[in-house]
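Let's walk through this one together, site by site. Keep the view open beside the text and turn to each part as it comes up.

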Amino acid sequence: MKRTLGAIALGLISMAPAHAATLYNTLDGEAPLIIAHRGASGYLPEHTLGGYELALQMGADVIEPDLQTTADGELVAMHDSTLDRTTNIEALFAPRNGGYRVSDFTLAEIKSLTVEPTGATASTSYDGFTPSMANPYRVPTFQEVMDLVSAYNATTGKQIGIYPEAKTPNSLAMNEKILQEMKANGFDGSVQNTFIQTFSHEGARQLADLQVEMGMDNAIAALGYAIDLGDGFGVYDATTGGVTALEDLAGFADGLGLYLGYDLDAAFIAAAHALGLTVHGWTFRPTSDEAAWDMFLPWIEAGMDGFFTDYSLRGVEVLDRYEASEVPVPATLPLMLAGLGGLAMLRRRRAAA
Ligand code: G3P
Ligand code: CA
């Protein structure tokens, strides 16, 4: 188990070790992964080094950078294909080609921008957190994201993974560049919990083939929407409008990143697991701690393998609470019960005397 169990103070009573193996219904029996969706985007500006660093400190297992390509061919962490929703670009630049596409601006220009909070809860600060870098809320390059995670792993001895998403569907140039940069940074399949994801199922197949050519072995995740086909299950590919059967996906993918709606349920997850596919759901955006428990718990019980969440801390706390609530049966319980039975018999004898 990757996490420390919540405090269970039972003194000298020893625990039956076999219980931990049945705590989770995930494919590997381990705790589901907390995937920092766009960083700590429920607390700080999305896809920023400051946000990723906060997510690491909160205990996330995996950092998710969505990737776009600049005009000069550099990979940057950005969800949208345009810059105006999340940055101050409108105050600094005129539109190009009628808008603010990432692909119309150079890396140097994009580096001059500031990423701003979006959504109801994100802010420019988080109590008790001081970013370690000089400019925590600039648009990071993919290289900078990997530098941050690698440094964190080297410092802590942990194996935090990355989960880059190729946002240009089925682009050979983008997929090759993602893999080249990952390989150069040691993310060649040897860092635990590292996935490469795309909504394009053909793109996922292409990534799998490229990895073989490049001697890499990261897990590949195909994104989409769960579909119950009646005689089996599939995943809707939003980039083509088609549905790919789970059996076909299992031929080149290791996991699925699925929207928390459509036909996603425990039966779907069990079918994916039967084919060796992990299931990571998106997006967990609970607005309070109690809402987090209610939102995560059914998916924990359904055996989901990972949660894309804007609120890494809430995800970590839910798993801690779940583990603490699943109190292992003491190995000495039969002896205790036998002892209690003996005491009761003694009392009955004394009462009868
Ligand atoms: O990649 C999984 C999930 O992040 C998909 O949603 O739109 O936030 O990239 P999106
Ligand atoms: Ca994503």
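The shell around ligand 1 is made up of four nonpolar, three polar and five charged residues; here Ala, Val, Leu, Ile, Met, Phe, Trp, Tyr, Cys and Pro count as nonpolar, Asp, Glu, Lys and Arg as charged, and the others, Gly among them, as polar. Its members are His37, Arg38, Glu64, Asp66, His79, Glu165, Lys167, Gln197, Phe199, Leu223, Trp282 and Phe308, where a residue belongs if one of its heavy atoms lies within 4 Å of the ligand.

Before going further, please note that this is a predicted model, in which local features need pLDDT of at least 70, side-chain atom pairs count only at pLDDT 80 or more, and totals for chains, interfaces and linings use all residues. Residues are numbered from 1 along each chain as its sequence is written, chains are lettered from A and ligands numbered from 1 in the order in which they are written, and side-chain values use heavy atoms, with hydrogens and water left out.

Now look at the calcium ion (ligand 2). Its protein donors are Glu64 (OE), Asp66 (OD) and Glu165 (OE), at 2.1 to 2.3 Å, and along the chain they follow the spacing E-x1-D-x98-E. Glu64 lies in strand 2 (residues 62–64) and Glu165 in strand 6 (residues 165–166), so the pair ties together parts that are 101 residues apart in sequence. Donors are N, O and S atoms within 2.8 Å of the metal (3.2 Å for Na, K and Ca), and sites may look incomplete because water is not among the atoms. Helices (H or I, at least four residues) and strands (E, at least two) are DSSP runs, numbered from the N terminus.

Why is the arrangement around the calcium ion (ligand 2) irregular? The six donor atoms subtend angles of 58 to 156°, whereas six count as octahedral if opposite donors are over 155 degrees apart and all others between 65 and 115. Glu64 is buried at 2% relative accessible area, and Glu165 is buried at 4%; buried means under 20%, exposed over 50%, and partly exposed in between (1.4 Å probe, protein chains only).

Finally, turn to the backbone. Most residues other than glycine have a negative phi, and most peptide bonds are trans. A cis peptide bond, with omega about 0°, joins Trp282 and Thr283, and Thr283 sits in strand 12 (residues 278–284). Asn170 has a positive phi near 55° and lies in the loop between strand 6 and helix 5 (172–184); Asn170 is partly exposed, at 36%. Asn193 also has a positive phi, near 55°, in the loop between helix 5 and strand 7 (195–198).

Methods
Four donors count as tetrahedral if all angles lie between 85 and 135 degrees; four count as square planar and six as octahedral if opposite donors are over 155 degrees apart and all others between 65 and 115; anything else is irregular.
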